[in-house]
Amino acid sequence: MTSRRAFLKSAGLAGGAVAAGGVNQVALAGLPELVTQTSAATAAPLVPDTGRPYRPVVTLNGWSLPWRMNDGVKEFHLVAEPVVREMAPGMKAHLWGYNGQSPGPTIEVVEGDRVRMFVTNRLPEHTSVHWHGQRLPNGMDGVSGLTQPSIPSGKTFVYEFVARRPGTFMYHPHADEMVQMAMGMMGTWITHPKAPHPLIDEVDRDFVFLLNAYDIDPGSYTPKIMTMLDFNLWTWNSRVFPGIDSLNVRQNDKVRLRVGNLTMTNHPIHVHGHEFVVTGTDGGPTPRAGRWPEVSIDIAVGQMRQMEFVADEEGDWALHCHKSHHTMNAMGHDVPTMIGVDHRDVARQITGLIPDYMVMGERGMADMAEMEMPLPDNTLPMMSGVGPFGSLEMGGMFSVLKVRKDQPRNDYRDPGWFKHPAGTVAYEYTGVVPEPTRARAAAPPAGAAITGGAGGAASIDIQIRKPQGHHGH
Amino acid sequence: MTAVQGSRKPAPTLPRTFPRTALAIGLAFAMAGCASVDIDRAVATSNDDAADFTQGALQLARTPEQQRDREAAADALLAQPLDQNAAVRLALQNSPQLQALLAQSWADAANGAQIGRLPNPVFDFERMRTVDELEFGRLLAFGLLDLITLPQRYGIAQRRTAQANIRLTRDVVAHVTQVRQAWVRAVAAEQSVAYARQVNDAAQASAELGRRMQAAGNFSRLERARQQAFYADAATQWASARQAVTATRAQLERLLGLTEAQAERLRLPPRLPDLPKAPMPPDRAARTASAARLDVRLAQASYEAAARAQGLTRITSLTDIELGVRHDTMFDRAEGGSTRRNGYEVSVRLPLFDDGSLRRDAIGAQTLALTHQLEATLRAAGSQLRESYGAYRTAYDVSRHYRDEVVPLRKLIAEENVLRYNGMFISVFELLADMRAQVNSVIAAIDAERNYWLADAALQAAIVGVPVAANPALPAGVAGSAGGPMLAAQGGGDAGH
């Protein structure tokens, strides 16, 4: 993780280069410096050096946009443009985003700030920006056609309003919305309270990420924009496991997670080892009387949730969406279940025809994570990720909350795998396991298992293949 | 000339006696101008005229030694996988059909040359008795007109012999072309059948997996039936492919004239030759085809024979003159002596009722028809060549397209599908289905290559002037014809028959 100083320097350089390349210099003369980000790593929190002070957030695999103060107005410059986003090592997506990345940079302001947003459109079509959840003048709401003309290609528009309400918000286009959101146009907006707020606690670590989803055919780069629900990449900030950074905290830190959902379905976000309370929604901080402990919170489409807990349990704790298909990467949804189908002899026949064929799925799908087999270009295994005890067999919306006693304050570096105290890891029982007594039905007549009964009462002989330690393939 | 009855010794014995008989009864002066037929020279001419087709190996076997040589040569050729040239050579050495063709050509040439001979003189002997007299009358008569027109007859005979020679060459070229094409079909069929088996294997694996999937409860009857249906279809395709092997091979065996024992030894190479690097350029095909084209020469020879015959018919249709030498002897019993009489007779046919005009008209019309036939052949020759070349070039381009585009693309798709299978994006059933599609493309590529070699053989024949059906994909056309000239339905140019 780069230091903030180094980051700003390099970001400034990169921004200069981009500005020189694309938009008219004269037109940009009055604009705030254009900063872009080329890395998909989690940037260090952007500590404010002008304007009202606040405790900055950390954007998972993202960054916060620098600003300039101009006569007491906080000025940001967003550039809508095509970007290449690394979704995980080994896979890059051709998306649309802001300032070099998708999602765009997090915008952090303080309650009461007057904010001026310059939005330059470098997309091939018009766009607009809707400031999701904000109180603002109607003409600043960014709904093209309704509250403003859309921003044509090559033009820069200005939005200006006061950030009236503290909380967690989002921004995204409201022009050709289906396409532009499917292409990754979105970002997070944080309005910090300007003074201690009775319902908003100070926290030690404040993480934010957006839930988004893509349908990118294995071997291709651009999302299919017509997909309605059957996405194959379930992402946090346009990253999938094992490309999502871990959330590294110090033991007993108070941690806040801010999660927004811009996918087309709900996501039950689940934290292991701790209970949290929901302290805020899109509508603002929740009353204390209405908070109850949870280990999962379902985040509906277009919603934001703030969860808070004290990370008092050391260890490596899973943090993931509880829809199990959402912790998988691209997979075939029409692949039939092969469980219980012993076909090693048929496989030999198939191998004669297709030499690279390997048997998979007859025991389940964990084979997939075990075998490292060549895949099409630019795609990821359905499940992967290696932990200290083997394969994690995960993908998509999955990360790890790492709680460490010795993690320094304000240090977000990855501490590595947890070293378990002796006797605190599940272990193998080596004694005798007696066969359970089961009531057995009468054996079905021969052949019935294959043909099935005409009356619909098919009698299937369940044959479980016991693990035999065959790792030949 | 009667056909030989016994099959042990075919044609050879007959021709040998034929000239002897002719010599024995011929008259000395008639001998001088008589036309004769030398089949060996005719075969040598065919070997020269169609060297690419006969490889110089065409020969009419008439002696047991020659017969043994043929068998030995066939054995040597059958000892190895038979490439296309070897197949042609084997047909030339071994095929009774070709031998029949040669012998028939000899017969045709001899029949054609018959007109160049004088009819034999007639010897008439009379014995007459009156009361006391016994009379012996002797008359030796021959057609004077025949003798006068002998040079003309000789010319006609020569033309007819030449005609028979060209026809022989043409029939040999047609036969050899059929052998080439049959060889191509047989090899292609064997090449395809291996792939058809792969399709079948893939479908069988799908069906078996489908069965087990249903047994394990993972497939419905419908899904399992779908996999089973692929297998059912593939099985029929495979059966057809195997039948194609049997049929094309049998056709080749017939054209090679193999005995059952020889057929068992026949082995074919595993695949067709590669496509040539570049197709024959059109100007080379046109340049190679020349005035030496067989169809043009045949039409020319037919026309010339008819034109000469026309001159002869003009005279013979009108009249006929017969000259006889008479020598009579009379015995007189009463007087006990004999007297002799010598003299000659001339008989002339009087054109009173038939002035011969119909015969002259007929022959004139025939000649006119042949004139036009020759012109038509000349005009059609270039067009046929262009058609053959077009078929050849298209077959080449299509086959190359399969080789360079379709098959590599299919291969790429297959490789990518394995990767997709690895990533669990597709199932093993889709993998097997794709494999079947891939193999079917390979079979189509083999068909395209086969069509190229068929078109190539047809073009070679067209260049020397024997138009052959360019590209009948199905081997059915030739199946039944077991003898005789094998020129099925061709265009004009063959007015001589």
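Guide: Rings of Phe, Tyr and Trp (its six-membered ring) pair if their centres lie within 6.5 Å; planes under 30 degrees apart are stacked, over 60 edge-to-face, and the rest tilted. This is a predicted model, where local features need pLDDT of at least 70, side-chain atom pairs count only at pLDDT 80 or more, and totals for chains, interfaces and linings use all residues. Residues are numbered from 1 along each chain as its sequence is written, chains are lettered from A and ligands numbered from 1 in the order written, and side-chain values use heavy atoms, leaving out hydrogens and water.

Visitor: How many aromatic pairs are there over all chains?
Guide: We just apply that ring rule. Over all chains, the count of aromatic pairs comes to 20.

Visitor: What kind of aromatic pair do Tyr452(B) and Trp453(B) form?
Guide: Tyr452(B) and Trp453(B) are both buried. Their rings are 4.9 Å centre to centre with 75 degrees between the planes, making the pair edge-to-face.

Visitor: Which ring does the charged end of Lys402(A) sit over?
Guide: A charge counts as over a ring if NZ of Lys or CZ of Arg is within 6 Å of the ring centre and within 35 degrees of the ring normal. For Lys402(A), at 4.5 Å from the centre, the ring is that of Trp417(A).

Notes. Buried < 20%, exposed > 50% of the residue type's maximum accessible area, 1.4 Å probe, protein only.
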